[in-house]
Amino acid sequence: MSSKAQDDNVFKALAHPRRRALLDELKDAPRTTGMLCDAFPDMDRCTVMLHLKVLEDADLVVARREGRERWNHLNALPIKQIHDRWISQYATHAISILDRLKSDLEG
(Lines give C-alpha, C1' and ligand atoms only; values in the text may rest on other atoms or scores of the structure.)
Protein backbone atom coordinates (compact mmCIF):
# COMPACT_ATOMS: atom_id res chain seq x y z
CA MET A 1 0.00 0.00 0.00
CA SER A 2 1.32 3.45 -0.86
CA SER A 3 2.19 5.87 1.88
CA LYS A 4 -0.58 8.22 0.74
CA ALA A 5 -3.20 5.46 0.87
CA GLN A 6 -1.98 4.43 4.33
CA ASP A 7 -2.18 8.04 5.53
CA ASP A 8 -5.73 8.24 4.17
CA ASN A 9 -6.67 5.09 6.11
CA VAL A 10 -5.19 6.50 9.31
CA PHE A 11 -7.00 9.83 8.92
CA LYS A 12 -10.25 7.99 8.14
CA ALA A 13 -9.84 5.81 11.23
CA LEU A 14 -9.04 8.78 13.48
CA ALA A 15 -11.92 10.86 12.10
CA HIS A 16 -14.57 8.99 14.10
CA PRO A 17 -14.85 9.79 17.83
CA ARG A 18 -15.76 6.18 18.72
CA ARG A 19 -12.61 4.86 17.07
CA ARG A 20 -10.52 7.42 18.93
CA ALA A 21 -12.23 6.30 22.15
CA LEU A 22 -11.39 2.67 21.33
CA LEU A 23 -7.75 3.64 20.82
CA ASP A 24 -7.82 5.45 24.17
CA GLU A 25 -9.00 2.21 25.79
CA LEU A 26 -6.02 0.39 24.26
CA LYS A 27 -3.28 2.90 25.06
CA ASP A 28 -2.48 1.50 28.51
CA ALA A 29 -2.85 -2.20 27.76
CA PRO A 30 -4.28 -4.63 25.20
CA ARG A 31 -7.95 -5.52 25.64
CA THR A 32 -10.09 -8.38 24.45
CA THR A 33 -12.97 -7.56 22.18
CA GLY A 34 -15.30 -8.48 25.04
CA MET A 35 -13.56 -5.98 27.32
CA LEU A 36 -13.99 -3.28 24.69
CA CYS A 37 -17.68 -4.15 24.33
CA ASP A 38 -18.06 -3.85 28.11
CA ALA A 39 -16.35 -0.44 28.02
CA PHE A 40 -18.92 0.79 25.47
CA PRO A 41 -22.28 -0.60 26.60
CA ASP A 42 -24.17 1.72 24.23
CA MET A 43 -22.59 -0.07 21.21
CA ASP A 44 -23.43 -3.62 20.25
CA ARG A 45 -20.65 -6.14 19.59
CA CYS A 46 -21.09 -5.91 15.81
CA THR A 47 -20.54 -2.15 15.86
CA VAL A 48 -17.43 -2.50 18.03
CA MET A 49 -16.11 -5.12 15.58
CA LEU A 50 -16.79 -2.82 12.59
CA HIS A 51 -14.85 0.00 14.25
CA LEU A 52 -12.01 -2.38 15.11
CA LYS A 53 -11.90 -3.49 11.46
CA VAL A 54 -11.38 0.12 10.31
CA LEU A 55 -8.64 0.53 12.93
CA GLU A 56 -7.00 -2.71 11.77
CA ASP A 57 -7.14 -1.60 8.13
CA ALA A 58 -5.26 1.54 9.18
CA ASP A 59 -2.76 -0.65 11.10
CA LEU A 60 -3.66 1.18 14.32
CA VAL A 61 -4.83 -2.04 15.97
CA VAL A 62 -3.21 -5.44 15.76
CA ALA A 63 -5.42 -8.34 16.79
CA ARG A 64 -4.01 -11.59 18.18
CA ARG A 65 -6.01 -14.70 18.95
CA GLU A 66 -5.37 -16.56 22.17
CA GLY A 67 -7.72 -19.51 22.31
CA ARG A 68 -11.24 -18.15 22.02
CA GLU A 69 -10.20 -14.62 22.88
CA ARG A 70 -9.16 -11.93 20.46
CA TRP A 71 -6.71 -9.49 22.03
CA ASN A 72 -6.49 -6.03 20.47
CA HIS A 73 -3.17 -4.20 20.73
CA LEU A 74 -2.55 -0.55 19.95
CA ASN A 75 0.00 0.13 17.22
CA ALA A 76 0.94 3.79 17.69
CA LEU A 77 3.50 3.84 14.86
CA PRO A 78 1.04 5.11 12.19
CA ILE A 79 0.07 7.99 14.50
CA LYS A 80 3.74 8.87 14.98
CA GLN A 81 4.25 8.79 11.21
CA ILE A 82 1.29 11.17 10.75
CA HIS A 83 2.77 13.41 13.43
CA ASP A 84 6.20 13.39 11.81
CA ARG A 85 4.78 14.04 8.33
CA TRP A 86 2.13 16.63 9.14
CA ILE A 87 2.02 17.99 12.66
CA SER A 88 5.70 18.51 13.47
CA GLN A 89 6.37 20.39 10.22
CA TYR A 90 3.45 22.76 10.80
CA ALA A 91 4.31 23.17 14.47
CA THR A 92 7.89 24.12 13.58
CA HIS A 93 6.58 26.73 11.15
CA ALA A 94 4.19 28.15 13.76
CA ILE A 95 6.97 28.33 16.36
CA SER A 96 9.22 30.21 13.96
CA ILE A 97 6.43 32.74 13.30
CA LEU A 98 5.88 33.21 17.05
CA ASP A 99 9.64 33.62 17.57
CA ARG A 100 9.79 36.27 14.84
CA LEU A 101 6.76 38.05 16.38
CA LYS A 102 8.44 38.03 19.81
CA SER A 103 11.62 39.48 18.32
CA ASP A 104 9.65 42.18 16.51
CA LEU A 105 7.77 43.14 19.69
CA GLU A 106 10.93 43.24 21.79
CA GLY A 107 12.88 45.20 19.16
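At 54% relative accessibility, D42 counts as exposed, and this residue takes part in a salt bridge with R18, whose closest N and O atoms are 2.2 Å apart. The structure is a predicted model, and five salt bridges are counted in it, whereas the count of disulfides is zero. According to UniProt, in an unreviewed entry, the feature "domain: HTH arsR-type" is placed at residues 9-84; over that range the chain is 59% helix and 18% strand, with the end C-alpha atoms 16 Å apart.

**Salt bridge between distant parts of the chain**

- The bridge formed by R18 and D42 has its closest N and O atoms 2.2 Å apart, and the pair links distant parts of the chain, since R18 belongs to helix α2 (residues 17-26) while D42 sits in the loop between α3 (33-39) and α4 (45-57), 24 residues apart.
- R18 counts as partly exposed because its relative accessibility is 24%, whereas D42, at 54%, counts as exposed because the cut-off for that class is over 50%.

- K80 and D84 form a salt bridge with closest N and O atoms 2.6 Å apart, and both residues lie in helix α5 (residues 77-106), four residues apart, which is about one turn of the helix.
- K102 and E106 are separated by about one helical turn because they are four residues apart in helix α5.
- K102 counts as partly exposed at 47% relative accessibility, while E106, at 59%, counts as exposed.

- D7 is found in helix α1 (residues 3-15), and D7 is buried yet has no salt bridge, the nearest side chain of opposite charge being that of R85, 5.1 Å away.
- Side chains of opposite charge can pair when their charged atoms come close.
- The separation of 5.1 Å between D7 and R85 is not within 4 Å, and therefore this pair does not count as a salt bridge.
- Apart from its neighbours within four places in sequence, D7 is in contact with I82, R85 and W86.

**Cysteines**

- The count of disulfides comes to zero; C37 is in no disulfide, and the nearest cysteine sulfur, that of C46, is 9.9 Å away.
- C37 is buried, with a relative accessible area of 14%.

**Strand pairing**

- Strand β1 (residues 31-32) pairs with strand β3 (residues 69-74) in the antiparallel sense over two bridges, and R31 stands opposite N72 in β3.
- Strand β2 (residues 61-66) and β3 also run antiparallel and are joined by six bridges, with V62 standing opposite H73 in β3.
- β2 and β3 form a hairpin with two residues between them, and in the turn G67 has a positive phi of about 65 degrees.

Conventions: Residues are numbered from 1 along each chain as its sequence is written. This is a predicted model: local features need pLDDT of at least 70, side-chain atom pairs count only at pLDDT 80 or more; totals for chains, interfaces and linings use all residues. Side-chain values use heavy atoms; hydrogens and water are left out. UniProt positions are given in the numbering used here, feature names are shortened, and annotations may be inferred rather than shown by experiment. Buried means under 20% relative accessible area, exposed over 50%, partly exposed in between (1.4 Å probe, protein chains only). A disulfide is a pair of cysteine sulfur atoms within 2.5 Å. Lys and Arg count as positive and Asp and Glu as negative; His and the chain ends are not counted. Contact means heavy atoms within 4.5 Å. Two strands pair if DSSP finds at least two bridges between them.
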